[in-house]
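Please look through the sequence and the structure shown here before reading on. The paragraphs that follow lead from one chain to its contacts with the other.

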Amino acid sequence: MNLWMAAILALLPPLALATALAWRGRPGQRFAAYQLAGSVTVLILTLLAFATDQASITDLALTLVLLNLPGTMLLAVFLERWI
Amino acid sequence: MSVVIGLFLGVAVAVTWLAALALWRLPRALDRLHALSFLNVAASVSVTVAAFLSDGISGRSLKILLMMSVYLAWAALLSHVSGRAVLMREGRSA
């Protein structure tokens, strides 16, 4: 196991915690947990590109970053008005 | 060199754990968003530095630099959007 894979494994419990926090609580608290899950996933995908030496995985992280803006803004509008 | 890379990866992991625990323990949604912003800044810088230490200047490390720069800019925007939405939804008690 290399350094990158060890870091990925160490990031899995915070991702699980973010998922659990998004499952319960008030809408604002769940919204923050959803964003934490997105941030941790971006980190994991970036590290995975180094751990597996597959440069194409970086494109997955880049795609997630690019989709994060419209997705979160849409969810914020829903939270503001309807949820 | 791998010790330095491990140090930066360790910082990224520690910051992520800290932010996750803060989101668990802090009662207000706005406080949680502050912890999230700390994670976005500290972890993305650490991972980018680790990538450059590992690869030098390469296509992959430059792509990660671009990605993290975009991510940081958008994270700042999304923090304000999220904070505004939470304030309008839950009021001053958020």
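How many helices and how many strands make up the secondary structure of chain B? Chain B has three helices and zero strands, where helices (H or I, at least four residues) and strands (E, at least two) are DSSP runs numbered from the N terminus, and along the sequence the pattern reads α-α-α. This is a predicted model, in which local features need pLDDT of at least 70 and side-chain atom pairs count only at pLDDT 80 or more, while totals for chains, interfaces and linings use all residues. Residues are numbered from 1 along each chain as its sequence is written, and chains are lettered from A and ligands numbered from 1 in the order in which they are written.

The C-alpha trace of chain B spans about 50 × 25 × 10 Å along its principal axes. Its radius of gyration is 16 Å, whereas a compact globule of 94 residues would have one near 12 Å; the radius is taken over C-alpha atoms, and the globule rule is 2.2 Å times the number of residues to the power 0.38. Of the 94 residues in chain B, 40% are buried, a residue being buried if 20 or more other C-beta atoms, placed from the backbone, lie within 10 Å of its own, exposed if 12 or fewer do, and partly exposed in between.

Turning to the two chains together, 37 residues of chain B are in contact with 37 residues of chain A, contact meaning that the C-beta atoms of two residues, placed from the backbone, lie within 7 Å. On the side of chain B that touches chain A, helix H1 (2-25), helix H2 (29-55) and helix H3 (59-90) of chain B each supply at least two residues, and the largest share, 15 residues, comes from H3(B).

One residue of chain A shows this contact in detail. A:Glu80 lies in helix H3 (residues 57-81) of chain A and touches B:Ala85, B:Met88 and B:Arg89, not counting residues up to four places away in sequence. Because A:Glu80 has 16 C-beta neighbours inside 10 Å, A:Glu80 counts as partly exposed.

Within chain A, helix H1 (residues 3-22) and helix H2 (residues 27-51) pack at an angle of about 165°, with their axes 9 Å apart; axes are lines fitted to C-alpha atoms, for helices over the stretch in contact, and angles run from 0 to 180 degrees between N-to-C directions. H1(A) and H2(A) are therefore roughly antiparallel to each other, the term for angles over 145 degrees.

Key
Angles under 35 degrees count as roughly parallel, over 145 as roughly antiparallel, 65 to 115 as roughly perpendicular and the rest as oblique.
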